[in-house]
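Here is a structure to go through by question and answer. Each reply sets a value against its cut-off and concludes.

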Amino acid sequence: MPKLEPKIIQKELESGAVWPVYWLYGQEQMKSRELLKRIKKTVLGDNQEGSQALFQQSFNEELLDGSEVSASQVVDAAQSLSLGGGTRLIIIRDAHAMKDTEVLVGLMGPKAKKDELSSVCVFLSKDLDARKKFSKSLLEKAAVVPCEEIAEEDREAWIGYLGKKRGLELSPDSVARLRFLDPWNLDIVDQELEKMSLAKTGEDASAVLLGSVGPELGGDAFLNAFFARDLKQALLAVENFADRPDESLPLLGLLTWNARYLALVIHDHQARTREVKLNPFLLERFNYWARGWSLTDAIELQEALAELDFGIKQTQRLPLGLWTDLVARFCR
């Protein structure tokens, strides 16, 4: 059986179908956490009331650590009788650390209604080693769900989804900034959205995403001045974020994204084509910036930004000096 996408598992759970064994793996913890929550809701229920129901749920759920228990102990836990009746839910974190996992094959089987299962085991692992014989058994007899990092082209959709959950209307600039946070994962994006929600700045994320620096002094001012090739204003803006990695690194990612699309827009102008697909707001901005840039300059800028990223992260040079050199090279 092939690996199953989280949305497929969600549909199965909504229909009441549950697998005896789930293997959730990958670095995107929010995905696995949300899926575990849905599995738990289906197996243990969330609409029961009273102390008896709480007692039953507490004894039907067991959390184990794969680095501390053996696979045989997991089997024993799954086969133990429930004190209050119902289906037991066994959650095993750090499942990749377990040894002698072949004994777990006996727990696997086809999906069924939860009342037909005495237990459900959810293994949370950082990876799935396809070379192991056990992994082949998992793929054949269990629900294996990749919770891997979000591809760059899918980030915008996830940002929109998480923003909508918090009731935020995000501007194109806000989405772009969130898209190029570094490091990037769903938890980090959600934390930034929470800041925006608390600060009630959903319509303009600049002030939140760039820390305490206001848009008139920091990131927005720099982007507009830099791509307008205004040396004086760009240098003034650089001083407000260059020595703050939590502000400068996301801005560097955003700058790289803008540089790439600037080159594409300029190429469209020269070739008299319309290959670039952007919303009208962004396209108008790029068309304005493109008046002051050649395609050669835009390509050189992308190379310079890669060098800047390396200089900030891998060398001892002062960030302010690196940013200043960039501005002096490309602004008039």
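Q: Why is Cys121 called buried?
A: In this predicted model, Cys121 has 1% relative accessibility. Buried means under 20%, so Cys121 counts as buried.

Q: What makes Cys331 count as buried or exposed?
A: Its relative accessibility is 7%. The cut-off for buried is under 20%, so Cys331 counts as buried.

Q: How many disulfides does the structure hold?
A: The structure holds zero disulfides. A disulfide would need a pair of cysteine sulfur atoms within 2.5 Å.

Q: How much of the chain is buried?
A: Buried residues make up 47% of the 332 residues. The chain has 15 helices and seven strands.

Q: What share of contacts in the chain join residues at least 24 apart in sequence?
A: Among contacts between residues at least 6 apart, the share is 77%.

Q: Why are α7 and α12 called roughly perpendicular?
A: Helix α7 covers residues 172-179 and helix α12 covers residues 245-271. They pack at an angle of about 110°, with axes 8 Å apart. Angles of 65 to 115 degrees count as roughly perpendicular, so α7 and α12 are roughly perpendicular to each other.

Q: Which residues make the contact of α7 with α12?
A: From α7 come Ala176, Arg177 and Arg179. From α12 come Leu251, Leu254 and Trp257. By class, this contact has four nonpolar, two charged and no polar residues. The crossing of these two helices, α7 and α12, is right-handed.

Q: What makes α12 and α13 roughly perpendicular?
A: Helix α13 covers residues 280-290 and packs against α12 at about 75°, with the axes 9 Å apart. The range for roughly perpendicular is 65 to 115 degrees. Therefore α12 and α13 count as roughly perpendicular to each other.

Q: Which residues of α12 and α13 make their contact?
A: On the α12 side are Trp257, Asn258, Tyr261, Leu262, Val265, Ile266 and His269. On the α13 side are Leu282, Leu283, Phe286, Asn287, Trp289 and Ala290. By class, the contact of α12 with α13 has ten nonpolar, three polar and no charged residues.

Q: Where is Leu278 found, and why is Leu278 called buried?
A: Leu278 is found in the loop between α12 and α13. Its relative accessibility is 18%. Buried means under 20%, so Leu278 counts as buried.

Q: Which residues is Leu278 in contact with, leaving aside neighbours within four places in sequence?
A: Leu278 is in contact with Trp257, Tyr261, Leu283 and Phe286. Tyr261 is 17 residues from Leu278 in sequence, and their C-alpha atoms are 9.2 Å apart in space.

Q: Why is α12 called roughly antiparallel to α14?
A: Helix α14 covers residues 295-314. The axes of α12 and α14 come within 8 Å and cross at roughly 165°. Angles over 145 degrees count as roughly antiparallel, so α12 is roughly antiparallel to α14.

Q: Which residues make the contact of α12 with α14?
A: The residues of α12 include Leu249, Leu252, Leu255 and Ala259. Those of α14 include Leu295, Ala298, Leu301 and Leu305. Charged residues also take part, among them Arg260 of α12 and Asp309 and Lys313 of α14. By class, the contact of α12 with α14 has 13 nonpolar, four polar and three charged residues.

Q: Is the crossing of α12 and α14 left-handed or right-handed?
A: α12 passes α14 in a left-handed crossing.

Key:
Residues numbered from 1 in each chain as written. Predicted model: local features only at pLDDT ≥ 70, side-chain atom pairs only at ≥ 80, totals over all residues. Heavy atoms only, no water. Buried < 20%, exposed > 50% of the residue type's maximum accessible area, 1.4 Å probe, protein only. Axes fitted to C-alpha atoms, helices over the stretch in contact; angles between N-to-C directions. Helix = DSSP H or I, 4+ residues; strand = E, 2+ residues; numbered from the N terminus. Parallel < 35°, antiparallel > 145°, perpendicular 65-115°, else oblique. Left-handed = near helix turned anticlockwise from the far one by under 90°. Contact = heavy atoms within 4.5 Å.
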